[in-house]
Amino acid sequence: NAVRDNDIYSGFDGDALVFTFQRNGEVSGNRIVKGSISLYMNRDTTCRSNTVMNAPTYGIHVTLPSDNIYIDANRIVQSDASAIRVARMDMNDGPMVHDLQQIMQPPPTVNTDERPQYRATGIQITANRI
């Protein structure tokens, strides 16, 4: 899945572009005004060549567990919090707690693509302008 070359304006005090539970995904060439890009629990995903302006929180927010996430060549202008944040999802509160706890449980059967329950490997942040 991909989100490419969009102009997005948000009046919401949070995420303007949310990319969740994706594999081999791409978020590229987008222009976000007054919102942020959030990548929640993705695998093998690229966030490249986006412009984020006047974000009320983080410019780009990556939630763990995630792995093989590439944050490259983005431009972040005047975010109210950190320009790029990589952080573990808080499992103790919020409406998605039960769903997230179920998702993060190891699979009942062995899978050829089985990875550790808590994933945070292969995250690369390069050549961004902040």
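Contact means heavy atoms within 4.5 Å of each other. The views below show a predicted model, in which local features need pLDDT of at least 70 and side-chain atom pairs count only at pLDDT 80 or more, while totals for chains, interfaces and linings use all residues. Residues are numbered from 1 along each chain as its sequence is written, and side-chain values use heavy atoms, with hydrogens and water left out.

**View 1. Asn 24 and its contacts.** Asn 24 lies in the loop between strands E3 and E4, the latter covering residues 26-28. Helices (H or I, at least four residues) and strands (E, at least two) are DSSP runs, numbered from the N terminus. Beyond its neighbours within four places in sequence, Asn 24 is in contact with Asn 1, Arg 43, Asp 44 and Thr 45. Thr 46 is 22 residues away from Asn 24 in sequence, yet their C-alpha atoms are 7.8 Å apart. Is Asn 24 buried or exposed? Asn 24 counts as exposed because its relative accessibility is 56%. Buried means under 20% relative accessible area, exposed over 50%, and partly exposed in between, with a 1.4 Å probe and protein chains only.

**View 2. The largest nonpolar core.** A nonpolar core is a set of buried Ala, Val, Leu, Ile, Met, Phe, Trp, Tyr and Cys residues joined through side-chain atoms within 4.5 Å. The largest one here has 16 residues, and those with the most contacts inside it are Val 27, Ile 37, Leu 39, Cys 47, Ile 60 and Ile 71. Strands E3 (15-20), E6 (36-40), E9 (60-64) and E10 (67-72) each supply at least two residues of this core. Not counting residues up to four places away in sequence, Val 27 touches Val 3, Leu 17, Phe 19, Ile 37, Leu 39, Thr 46, Cys 47, Arg 48 and Asn 50.

**View 3. The sheet that contains E2.** Four strands form an open sheet in the order E2-E5-E8-E11, with parallel pairing. Two strands pair if DSSP finds at least two bridges between them. The edge strands, E2 (7-9) and E11 (75-77), each pair on one side only. Neighbouring strands of this sheet are turned by 10° against each other on average, direction ignored. E2 and E5 (residues 31-33) run parallel and are joined by 3 bridges. Ile 8 has Ile 32 in E5 as its bridge partner.

**View 4. The sheet that contains E3.** This open sheet has 4 strands in the order E3-E6-E9-E12, and the pairing is parallel. E3 and E12 (84-88) stand at the edges with a single partner strand each, so one side of each has no neighbour in the sheet. From one strand to the next, the twist averages 15°. Between E9 and E12 there are 5 bridges in the parallel sense. The bridge partner of Thr 63 is Ala 87 in E12.

**View 5. The chain and its confidence.** The chain has 1 helix and 13 strands. Of its 130 residues, 41% count as buried. The chain averages a pLDDT of 85, and 77% of the residues score at least 70. This score is the predictor's confidence in each residue, from 0 to 100. Over residues 93-104 the pLDDT is below 50, and this stretch has 13 contacts in the model beyond near neighbours in sequence. Where pLDDT is low, the predicted coordinates should not be read in detail.

Notes. Axes fitted to C-alpha atoms, helices over the stretch in contact; angles between N-to-C directions.
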